[in-house]
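Hi there,

Here is the structure I promised to pass on. Have a look at it first, and then read on for what turned up.

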Amino acid sequence: MPAKPTKAEQAAAHGTTIPDVLAPNLNVLFCGINPGLYSGALGLHFARPGNRFWPALHASGFTPRLLDPSEQDELLDLGLGITNVVARTTARADELTDDELREGGQILAKKVEKYRPRWLAVVGITAYRVAFGDRRAAVGPQDRTIGTTRVWLLPNPSGLNAHWTPKTLAEEFGRLRVRAVTGDSPEQLNPQ
């Protein structure tokens with residue numbers, strides 16, 4: 001892991017972007033809300049200490065070991081990737097406007113149509129609801145598809161999300177992993 005960014009480096013990262021970890025035909029493309037300043041300063045996704053994304057990936061079986069954010073490109077070899085609904089970094093996700101989230105949802109949909117991952121896993125329910133106009137969306141598989149890509153909503157892995165413990169977060173990531181490995185269709189995932 002690179003050295004901890006200074007407050008000045010974090011402040012300078014405001015409004016910058018982090019490159020996606022992306023390739024065609026991934027098994028799962030994880031999608032954050034937007035990068036925080038800490039991540040922006042390092043140029044790495046989910047880099048702030050206390051963010052539970054990397055531990056949840058490992059505990060759920062997506063990765064064979066706990067990866068450091070600086071190893072994010074190794075995800076591609078595992079058929080995984082990372083992007084964001086909104087690309088620009090902010091100190092807090094609540095700095096994003098609804099218009100930005102809706103525009104980000106349109107950009108994300110085009111990206112998904114181009115790269116065709118099997119699953120899009122959005123980590124952040126509220127942002128997803130705004131970005132895709134689905135106020136009733138809940139954690140788990142969604143009826144919505146983007147092209148042939150299935151959509152799964154995961155809880156926000158931020159350490160600030162106290163509603164989900166590391167154990168329950170890993171269990172939900174694990175539910176997605178099982179579905180991604182078994183190749184269940186959206187109809188099998190959402191019985192009526």
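Which residues point one way from E2, and which the other way? Leu80, Ile82 and Asn84 are on one side, Gly81 and Thr83 are on the other, and all are buried. Please keep in mind as you read that this is a predicted model.

**The sheet**

E2 (80-84) belongs to an open sheet of five strands, with mixed pairing and the order E2-E1-E3-E5-E4. E2 and E4 stand at the edges with a single partner strand each, so one side of each has no neighbour in the sheet. On average, neighbouring strands are turned by 25° against each other, direction ignored.

Even as an edge strand, E2 is mostly covered, with five of its five residues buried. Its partner is E1, which runs parallel to E2 and is joined to it by five bridges. If you want a place to start looking, phenylalanine 30 stands opposite isoleucine 82 in E2.

Going across the sheet, E1 (residues 28-32) pairs with E3 in the parallel sense over four bridges. Here cysteine 31 has valine 122 of E3 as its bridge partner. E3 also pairs with E5, again in the parallel sense, over five bridges.

E5 is worth a moment of your time. Six of its six residues are buried, and both faces are covered: Thr149, Val151 and Leu153 lie on one side, Arg150, Trp152 and Leu154 on the other. On the E4 side, the pairing with E5 is antiparallel, over four bridges. The hairpin of E4 and E5 has two residues between the strands, and glycine 147 in this hairpin takes a positive phi near 65°.

**Helices H4 and H5**

H4 packs on the sheet and touches E1, E2, E3, E4 and E5, and its direction makes about 80° with that of E4. H4 (residues 98-115) also packs with H5 (residues 125-132), at an angle of about 80° and with the axes 7 Å apart. That makes the two helices roughly perpendicular. From H4, the contact is made by Asp98, Leu101, Arg102, Gly105 and Leu108; from H5, by Ala127, Val130, Ala131 and Phe132. By class, this contact has six nonpolar, one polar and two charged residues.

Which residues of H5 are buried? They are Ala127, Tyr128, Ala131 and Phe132. These residues cover an arc of only 105° around the axis, which puts them on the same side of H5. The buried residues of H5 pack against H4, E3, E4 (140-146) and E5 (149-154). Glycine 133 follows H5, and its phi is positive, near 60°.

**Two loop residues to check**

Phenylalanine 46 has a positive phi, near 50°, and sits in the loop between H2 (37-42) and H3 (53-59). Arginine 116 has a positive phi near 50° too, and is found in the loop between H4 and E3 (119-123). Are they buried or partly exposed? Phenylalanine 46 is buried, because its relative accessible area of 13% is under the 20% cut-off. Arginine 116, with a relative accessible area of 43%, is partly exposed.

**A glutamate in H6**

Last, please look at glutamate 172, which is found in H6 (residues 166-182). With a relative accessibility of 6%, glutamate 172 counts as buried. What does glutamate 172 touch, leaving out residues up to four places away in sequence? The contacts are Val139, Gly140, Trp152, Leu153, Leu154, Pro155 and Trp164.

Technical notes
Residues are numbered from 1 along each chain as its sequence is written. This is a predicted model: local features need pLDDT of at least 70, side-chain atom pairs count only at pLDDT 80 or more; totals for chains, interfaces and linings use all residues. Side-chain values use heavy atoms; hydrogens and water are left out. Axes are lines fitted to C-alpha atoms, for helices over the stretch in contact, and angles run from 0 to 180 degrees between N-to-C directions. Angles under 35 degrees count as roughly parallel, over 145 as roughly antiparallel, 65 to 115 as roughly perpendicular and the rest as oblique. Contact means heavy atoms within 4.5 Å. Ala, Val, Leu, Ile, Met, Phe, Trp, Tyr, Cys and Pro count as nonpolar, Asp, Glu, Lys and Arg as charged, and the others, Gly among them, as polar. Buried means under 20% relative accessible area, exposed over 50%, partly exposed in between (1.4 Å probe, protein chains only). The arc is that of the directions from the helix axis to the C-beta atoms. Two strands pair if DSSP finds at least two bridges between them.
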